Each structure stands twice: as C-alpha cells, then as structure tokens.
Amino acid sequence: MRMTTLYAALSGAFLLGTAALVPAQTTNTATGNNTTMSTTKGTSAGAKDEHKADKERIEAEYKDAKAKCKSMTGNAKDVCEAEAKGNEKVAKAEAEAKYKNDPNGDYKVAVAKAHAAYDVAKEKCEDQKGKDKSACKKQAKADEDKALADAKSSRKNVAATGK
C-alpha cells in the first residue's frame, strides 16, 4: 500500500513538473488573440536566461525528489531514486528541445523517456525473485526497445513530412 502511495505521489510530482514547462497563455480581450506569456523567446539573451532558469528549476526539483527518497530503505529507495533521476533526464531533454528548437528534439525527449522508464522498471524488478525477476527484466527491456523504435519511427515520419 505504501509503494502505491509513493508511486502516485511521484507521478503527480512529475506531472506538475512537466506542466510547468508549458507556457501560460493569455487572451487579449480586445482582439481575442491568444498569445504566450513568454516574450523573451524572440531574443537570444532572453531565451538563454529562460533556459538557465529551466535548468536551475529542474536541478532543484531533482534535489527535492531525491531528498524524499532518503527516508526510504531497500529497493523502494532505489526505485524512488531511479524515478527522480529519470524525471530529471526527461525534463532536461524537454528543456533542451525547447531551447534549441531542434527538429530532433521530440526524438531526444522520447529517447530520454524510454530510458527513464526502463531504469525504473528494472529497479522495480529487483523486488521479485527467480523466473519472475528474469521475466520482469525481459519485459522492461522489450518495452524500452519498443519505445525507442517508436521514437525512431516517429522521427523518420517527421523528416519525411517536413514538419
């Protein structure tokens, strides 16, 4: 029961962290136009400052998540730390994609997500024994391979359509 609560709390924290990456929108009531709040994107100095702030926020979130793991013991602690590290890697990939506006940014984010999910799944498998543990690790690897293949396929589709 405690693990379920932990996973729910960590998942919620991850979702809140990723929600912070989405720029807020305002509506100009006179014209009805929707615009993003971030006006610093037009200048390289503003974008650089925003990127630096994103990196600092990500680092702070990682430290907070890792600190929450300190009170845990055994494999629960290892799973918690893997989730914290995975969330950090994904957030960093998203921040880089946003900053560089790289066509491969979505691919890099998908790869980071695949690796993070694999690392967490591998740690969760450590709670099992024997054949179950082996099957769990094989399934985790298969899931990672599928996610990486999907990311690669998606990148090819984007390149082919020119988006």
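Tutor: Let us begin with a term: contact means heavy atoms within 4.5 Å. This is a predicted model, where local features need pLDDT of at least 70, side-chain atom pairs count only at pLDDT 80 or more, and totals for chains, interfaces and linings use all residues. Residues are numbered from 1 along each chain as its sequence is written, and side-chain values use heavy atoms, with hydrogens and water left out.

Our part is helix H2, residues 44-69; helices here are DSSP runs of H or I with at least four residues, numbered from the N terminus. H2 has 26 residues and spans 37 Å from first C-alpha to last, close to the expected 38 Å, which is 1.5 Å times one less than its number of residues.

Several H2 residues are buried, including Gly46, His51, Ile58 and Cys69; buried means under 20% relative accessible area, with a 1.4 Å probe and protein chains only. Helix H3 (74-100) is part of what covers them.

Asp54 sits in H2 and counts as buried because its relative accessibility is 11%. Beyond its neighbours within four places in sequence, Asp54 touches Ala95 and Lys98.

Now for the pair of helices. The axes of H2 and H3 lie 9 Å apart, at an angle of about 175 degrees; axes are lines fitted to C-alpha atoms over the stretch in contact, and angles run from 0 to 180 degrees between N-to-C directions. The two helices are therefore roughly antiparallel, a label for angles over 145 degrees. Among the residues making this contact are Ala47, Asp54 and Tyr62 of H2 and Cys80, Ala95 and Lys98 of H3.

Technical notes. Buried means under 20% relative accessible area, exposed over 50%, partly exposed in between (1.4 Å probe, protein chains only). Angles under 35 degrees count as roughly parallel, over 145 as roughly antiparallel, 65 to 115 as roughly perpendicular and the rest as oblique.
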